[in-house]
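Subject: Structure handover and notes

Dear colleague,

I am passing on the structure below, together with my notes on it. Please read the notes with the sequence and the coordinates open beside them.

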Amino acid sequence: MDIFVIGATGFVGGHLARHLAAEGHTVTGLARTAAAAATLRAQGITPVAADLDARRPDAVAAALRADAVVYAAQAAPDQESATVQDLVRALAGTGRTLVFLSGSGVLMQRTAGAWSPDVFAERDPFTPEPLAAFRKAAEDAVLAAAGDGVRSMVVRPGLIWGPGDHGHVSMVYRSVATTGAAAYVGPGLNTYSHVHIDDVTRLFTLALAGGRAGGLYHAVAGEIPNRWIAERVAADLGVAVRSLTPGEAAGVWGEFGALIMAASSRIRAVDSRRELGWHPERTDMLTMIGEARLRALSA
């Protein structure tokens with residue numbers, strides 16, 4: 001299959017592009033700079049000189065040359081919205097595949113560190129997080145394209161962890177450098193469903209191979225309250241744990257990071273399992289505890 005990956009130099013898109021190339025697919029990847037192009041070539045991925053701004057038409061042209069397009073970029077909201085609209089218009093009636101990477105942040109709840117009993121499967125209704133309204137609109141546009149002759153799908157993972165991640169475990173390690181303790185917000189019972197990058201990659205490959213037009217697929221392997229993460233980091237480093245107020249958390253992680261570290265976002269992968277036969281193989285995010293790259297963040 002000829003697959004164009006938008007976001008091929010990023011965390012998820014990069015893992016996926018390298019995996020697809022290793023499986024024998026012809027993979028092209030968007031490259032905004034000469035350095036990015038050189039990196040992709042070294043990985044067996046053909047670079048496409050384009051971006052999601054002035055050179056967006058070049059990205060759309062590359063999409064039309066491919067059998068399948070994966071959007072896995074982390075772009076500004078206006079760039080993402082415009083790119084998705086351009087892609088669904090260009091691909092209409094072609095029968096080509098478009099898979100859009102979203103995330104469970106679209107349904108996260110601002111609980112200020114408290115537990116939430118709410119957990120959402122793919123088809124469950126929810127109130128979108130206001131800051132992610134653009135992402136939910138992009139999801140809806142992609143899914144609606146299934147009625148316009150596009151084999152379009154959305155993959156919505158929880159918190160993605162693995163080599164090179166910047167998730168909750170790394171953020172707790174970073175808090176030690178700032179506060180001297182492994183920190184969480186409020187009671188620390190808020191929970192983000194999580195999934196390993198390899199399992200996310202496998203879900204994408206299953207969706208590309210056999211996903212249905214209009215399919216929405218969650219990826220989740222487990223969930224751990226933030227306070228439990230902090231307690232394990234504290235034990236690893238021999239430091240105390242500490243509860244932060246929202247204001248203190250903003251001083252440690254910034255406004256957006258504090259919001260994420262105080263929120264709950266819990267999902268179930270019902271359609272991924274039932275329709276695609278997907279199941280996670282890496283289920284314990286705490287196996288990262290003690291990694292040298294993480295310990296270095298606490299210094």
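What follows is a description of some features found in this structure.

The model is predicted, so local features need a pLDDT of at least 70 and side-chain atom pairs count only at pLDDT 80 or more, while totals for chains, interfaces and linings use all residues. Residues are numbered from 1 along each chain as its sequence is written, and side-chain values use heavy atoms, with hydrogens and water left out.

Let me begin with the aromatic rings. Two aromatic pairs are present in the structure, where rings of Phe, Tyr and Trp (its six-membered ring) count as a pair if their centres lie within 6.5 Å, and the pair is called stacked when the planes are under 30 degrees apart, edge-to-face when they are over 60 and tilted for the rest. Tyr71 and Phe100 make a stacked pair, with 5.3 Å from centre to centre and 25 degrees between the planes. This pair links distant parts of the chain, since Tyr71 belongs to strand S4 (residues 68-71) and Phe100 to strand S5 (residues 97-101), 29 residues apart; here helices (H or I, at least four residues) and strands (E, at least two) are DSSP runs numbered from the N terminus. Tyr71 is buried at a relative accessible area of 0%, and Phe100 counts as buried at 1%, where buried means under 20% relative accessible area, exposed over 50% and partly exposed in between (1.4 Å probe, protein chains only). The rings of Phe120 and Phe126 have centres 6.1 Å apart and planes at 65 degrees, so this pair is edge-to-face, and both Phe120 and Phe126 are buried.

The strands come next. In strand S11 (residues 215-219), five of the five residues are buried, so the strand is largely enclosed by the rest of the structure. Gly215, Tyr217 and Ala219 point one way from S11, whereas Leu216 and His218 point the other way. Strand S7 (residues 151-157) runs parallel to S11 and is joined to it by five bridges, and Pro157 has Ala219 as its bridge partner in S11; strands are said to pair if DSSP finds at least two bridges between them.

Strand S2 (residues 26-31) and strand S3 (residues 46-49) also run parallel, joined by four bridges, and the partner of Leu30 in S3 is Val48.

There is also an open sheet of three strands in the order S8-S10-S12, with mixed pairing. Its edge strands, S8 (159-161) and S12 (222-225), each pair on one side only. Strand S10 (residues 191-196) and S12 run antiparallel with four bridges between them, and Ser193 is partnered by Glu223 in S12.

Ala112 has a phi near 55 degrees, a positive value in a residue other than glycine. By way of background, most residues other than glycine have a negative phi, and most peptide bonds are trans. Ala112 lies in the loop between strand S6 (109-110) and helix H5 and is partly exposed, with a relative accessible area of 46%.

With best wishes
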